[in-house]
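Student: I have a structure to study and would like to talk it through. Could we go over it piece by piece?

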Amino acid sequence: MTPRGGIRNRLREVRATGMPSANIGVCVPGSVTVMPNTADENLPEVARVAADLIRFDTSNYGEGKANGEREAAEYVGEYLTSLGLTPEFYEPIPRRTNVMARVPGRNPDKPALVLHGHLDVVPAIAEAWSVDPFAGIIKDGVLWGRGAVDMKNMNAMILTSIAELLRAGEQPERDIIVVMFADEEAGGSEGSQLVVTHRPEWFAGATEANSEVGGYSIMVDDRRAYLLQVGEKALLWIRLRATGPAGHGSRLQPNNAVTRLAEAVVALGRTEWPIALTDTTRELLEGLSALAETDSTDPDEIAGHTGAAEGFIRSTLRTTTNPTVLAAGYKHNVIPDTAEALIDVRVIPGTEDVALADIQGIVGDDITIEIVHQDIGLEVPFAGELVQAMVGALGAHDPGVPVIPYLMGGGTDNKALSRLGIAGYGFAPLRLPADLDFTGMFHGVDERVPVDALVFGQKVLTDLLRTY
């Protein structure tokens with residue numbers, strides 16, 4: 001184990017030279033040692049920081065089971081301290097650590113902008129990956145690992161964009177509130193939700209926020225476009241429960257709880273939900289239609305022009321109900337009296353009650369539905385000074401490529417910040433190769449991002465902070 005001072009030493013080097021040595025281990029008490037690869041020394045800083053963050057295993061299993069973000073948050077805190085900032089930490093639950101620092105802007109009369117990320121990741125089954133998911137491996141110009149897409153890549157872009165400005169003696173145009181949250185992958189109940197409740201002063205003066213899952217490029221037929229996230233679907237995590245008589249596995253039992261649950265899961269999982277458009281998705285389809293030069297009015301057919309992103313785009317046009325976990329029984333020859341399934345439900349904002357009623361009708365009245373976690377949907381206009389600045393920053397680095405709004409199928413910590421009246425966007429700019437299935441790697445296997453895309457994103461984000 002490398003002593004705690006390893007982080008400080010590494011970051012002193014970064015501050016002084018912009019280049020950490022390749023043989024310094026980074027760890028804190030109770031963590032695994034984080035050893036940069038020898039090849040890291042020749043990489044852009046944004047890639048080195050992203051790789052370092054990936055090497056902290058911050059897996060979040062949900063329902064209160066998680067490795068915790070403490071060591072990763074301390075790494076972020078040390079990085080911010082090395083830039084002359086004063087980070088604050090909030091750990092409402094042991095090891096669920098949130099960190100914040102305010103960067104003074106040139107114009108204190110302008111509302112502050114929140115730049116936020118989350119430090120937790122979903123678990124990774126190492127045997128399914130072609131690399132160690134927590135080694136932060138960089139090969140052939142690509143960074144591999146859990147969090148390379150969701151969202152330690154953006155965290156690194158945020159940190160290094162701030163660093164570029166401050167090391168050059170510059171300031172952002174307005175105050176920037178940098179926050180890294182815990183627990184986003186479990187809905188933020190042990191992270192952003194508690195921060196907003198108990199540390200609202202962190203966000204004093206802020207009216208807008210920016211985070212993940214927007215600003216990346218997709219291909220529309222053979223033309224590149226960028227998606228800017230201006231909304232996200234509402235979240236309903238539910239548990240289905242079936243009950244029946246327990247008994248010996250050899251007996252005839254037509255009321256088997258597992259069978260009844262399985263029938264409900266299949267019915268719900270195979271339901272084809274109708275398209276329900278919003279202002280954002282209508283504008284999305286208009287933009288895609290123009291790029292594809294199609295006269296079709298079928299939303300699914302229009303989405304079909306987006307190649308690898310098709311599934312991601314189609315999920316934003318309708319409710320989705322995906323079974324994710326099954327649990328029942330304890331022995332091969334015992335019929336259990338209870339069987340349960342977890343369903344990830346994402347609905348168009350404002351349709352939650354209707355969706356729940358429809359789900360009950362699909363699974364049947366004999367199946368109990370329990371809401372495990374629920375959160376609101378969001379939608380803000382694809383307009384205004386911040387949107388114009390984002391579009392302009394992308395245009396400066398990739399001229400002539402259109403930017404289209406979209407409603408994300410998942411969710412972010414913007415949901416929690418909305419309780420403070422803060423409007424949330426997703427702008428983590430990445431110019432991606434045409435053949436990379438980027439959206440398919442969210443929570444997937446062999447998550448990875450090209451280093452060139454990180455460098456592009458860091459430059460775009462830095463310019464945004466300089467001008468907005």
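Student: At what angle do the axes of helix 6 and helix 10 cross?
Tutor: This is a predicted model. In it, the axes of helix 6 (residues 257-269) and helix 10 (residues 352-363) cross at roughly 130° and come within 8 Å. That angle makes helix 6 oblique to helix 10. The crossing of helix 6 and helix 10 is right-handed.

Student: Which residues make that contact?
Tutor: Helix 6 contributes Ala 264, Ala 267 and Leu 268, while helix 10 contributes Ile 359, Ile 362 and Val 363. In the contact of helix 6 with helix 10, 6 residues are nonpolar, with no polar and no charged ones.

Student: What about helix 3 and helix 4, how do their axes cross?
Tutor: The axes of helix 3 (residues 70-82) and helix 4 cross at roughly 15° and come within 10 Å. Helix 3 is therefore roughly parallel to helix 4. The crossing of helix 3 and helix 4 is left-handed.

Student: And which residues make the contact there?
Tutor: On the helix 3 side they are Val 76, Tyr 79 and Leu 80, and on the helix 4 side Leu 159, Thr 160, Ala 163 and Arg 167. The contact of helix 3 with helix 4 divides into 5 nonpolar residues, 1 polar and 1 charged.

Student: Why are two angles and two distances enough to talk about these pairs?
Tutor: Two packed helices are described by the angle between their axes and the distance between the axes.

Student: Now helix 2: how many of its residues are buried?
Tutor: In helix 2 (residues 45-54), 10 of the 10 residues are buried, so this helix is largely enclosed by the rest of the structure. Among the buried residues of helix 2 are Glu 45, Arg 48 and Asp 52, as well as Val 46, Leu 53 and Ile 54.

Student: Let me switch to strands. Is strand 12 mostly covered or mostly uncovered?
Tutor: Strand 12 (residues 234-243) is mostly covered, as 8 of its 10 residues are buried.

Student: Which strands does strand 12 pair with?
Tutor: Strand 12 runs antiparallel to strand 16 (residues 338-347), and 10 bridges join them. Strand 12 also pairs with strand 17 (residues 368-375) in the antiparallel sense, over 7 bridges.

Student: Which residues stand opposite each other in those pairs?
Tutor: Arg 241 stands opposite Glu 340 in strand 16. Leu 235 stands opposite Asp 375 in strand 17.

Student: What holds paired strands to each other?
Tutor: Strands of a sheet pair through backbone hydrogen bonds, either parallel or antiparallel.

Student: How many bridges join strand 6 to strand 7?
Tutor: Strand 6 and strand 7 are antiparallel and joined by 2 bridges. Within this pair, Ile 138 stands opposite Leu 143 in strand 7.

Student: Now some backbone details. Which peptide bond is cis?
Tutor: The peptide bond from Asp 150 to Met 151 is cis, with omega near -15°. Met 151 is placed in the loop between strand 7 (142-144) and helix 4 (152-167).

Student: What is phi for Glu 63 and for Glu 293?
Tutor: For Glu 63, phi is near 50°, a positive value in a residue other than glycine. For Glu 293, phi is near 55°, again a positive value in a residue other than glycine.

Student: Where do they lie, and are they buried or exposed?
Tutor: Glu 63 lies in the loop between strand 1 (60-62) and strand 2 (65-66), and it is exposed, with a relative accessible area of 58%. Glu 293 is in the loop between helix 7 (279-292) and helix 8 (299-303). Glu 293 counts as exposed at 69% relative accessibility.

Technical notes:
Residues numbered from 1 in each chain as written. Predicted model: local features only at pLDDT ≥ 70, side-chain atom pairs only at ≥ 80, totals over all residues. Heavy atoms only, no water. Helix = DSSP H or I, 4+ residues; strand = E, 2+ residues; numbered from the N terminus. Buried < 20%, exposed > 50% of the residue type's maximum accessible area, 1.4 Å probe, protein only. Pairing = 2+ DSSP bridges. Axes fitted to C-alpha atoms, helices over the stretch in contact; angles between N-to-C directions. Parallel < 35°, antiparallel > 145°, perpendicular 65-115°, else oblique. Left-handed = near helix turned anticlockwise from the far one by under 90°. Contact = heavy atoms within 4.5 Å. Nonpolar A, V, L, I, M, F, W, Y, C, P; charged D, E, K, R; others polar.
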